[in-house]
Amino acid sequence: MTSVISPQKNSSRAAGPLAMPQLVDEEAEAFVAEALAELVRSKIPFLIAGTFAVSAYTGISRPTKDLDVFCKAGDYTRILKHFKSRGYAVEIEDDRWLGKVFKGRFFFDVIFASPNGTMLVNDGWFAHALPVEISGCPVSIAAPTELVWSKSFIQFRERYDGADIAHVILKAHDRIDWARLLEYMEVHWEVLLIHLLNFRWIYPSERDRVPQWLLDELLSRLSAQRDLPLPQTKICRGRIYSRPDYEIDVRKWGFADVGGDGEMREGTEEQTP
């Protein structure tokens, strides 16, 4: 496997070679090359995201064992069935978002949504993807806009993708469709604001890489929210980040689970409209 991800010929959306992660050994490189070739032969639409996409947009080449294959929900079972028919072991780890394809000690993830239900791979992902070549295979990687969205809620005790988001903004801000990103995160605009403030704090000299109109819009929402009463239902959206890390909030402290009912906040139960 070559040491770079190369733009496909005649692609106007990338300039020059792009970095690739460091796979653990030659066997891992061979597995990735074989898996990509088989995916291309299947003719089932797919994208590469995760560490491969971060490396492509930032130039960071870090060790990895992961190959994240993204697809639409209707295609993830087709990909698993295709590889199973060719002798690979397959597993449906979580039917809400994740399957896996194995060959010996190596595997790749087949992802069509996020585990918390906030993100679903759709046609827009493919419309804006970047055509590249990896190991001589013509594939596409998720655009920076979708890449940021896919990582925004990965905030577990043992894994936090905020650094990936900051690096993608730093190196690929001009390729991010900020209006589209806001549309994706409309309901969870505060999460987007948190990441943008985090970027500004990390890179104070690079604050202009985030458009001012977007920051103004998010801060105006925050200002409007401050003038409103507190929600009456106790909710803990931390469960969207990590269900186990916020388990106690639901089990013992009376907060609503994601999408569920919770207790009323103290002092509001007797209020009438």
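Visitor: Why is Cys236 called buried?

Guide: Buried means under 20% relative accessible area, with exposed over 50% and partly exposed in between, using a 1.4 Å probe and protein chains only; Cys236 has a relative accessible area of 11%, so the residue counts as buried. This is a predicted model, in which local features need pLDDT of at least 70 and side-chain atom pairs count only at pLDDT 80 or more, while totals for chains, interfaces and linings use all residues. Residues are numbered from 1 along each chain as its sequence is written, and side-chain values use heavy atoms, with hydrogens and water left out.

Visitor: What makes Cys137 count as buried?

Guide: Cys137 has 10% relative accessibility and therefore counts as buried. Of the 273 residues of the protein, 46% are buried.

Visitor: How many disulfides does the rule count?

Guide: A disulfide is taken to be a pair of cysteine sulfur atoms within 2.5 Å, and by this rule the count is 0.

Visitor: Which residues line the largest cavity?

Guide: On a 1 Å grid over the protein atoms alone, a cavity is a set of points where a 1.4 Å probe fits but cannot get out, a pocket is an open set with protein on both sides within 12 Å along at least five of seven lines, and lining residues have an atom within 4 Å of a point. The lining of the largest cavity consists of Leu23, Ala28, Phe31, Val32, Lys65, Asp66, Leu67, Phe106 and Phe107. Two or more of the lining residues come from each of helix H1 (26–42) and strand S9 (106–111), these elements being DSSP runs numbered from the N terminus (helices H or I, at least four residues; strands E, at least two). The volume of this largest cavity is about 50 Å³, a volume being the space filled by probe spheres set on grid points joined across faces, edges and corners.

Visitor: What is the volume of the largest pocket, and which residues are the closest to its centre?

Guide: The largest pocket has a volume of about 730 Å³, and of the 37 residues that line this pocket, Trp97, Pro115, Ile154, Phe156 and Arg159 are the closest to its centre. Among the elements that give two or more residues to its lining are helix H2 (50–58), strand S7 (89–94) and helix H5 (144–151).
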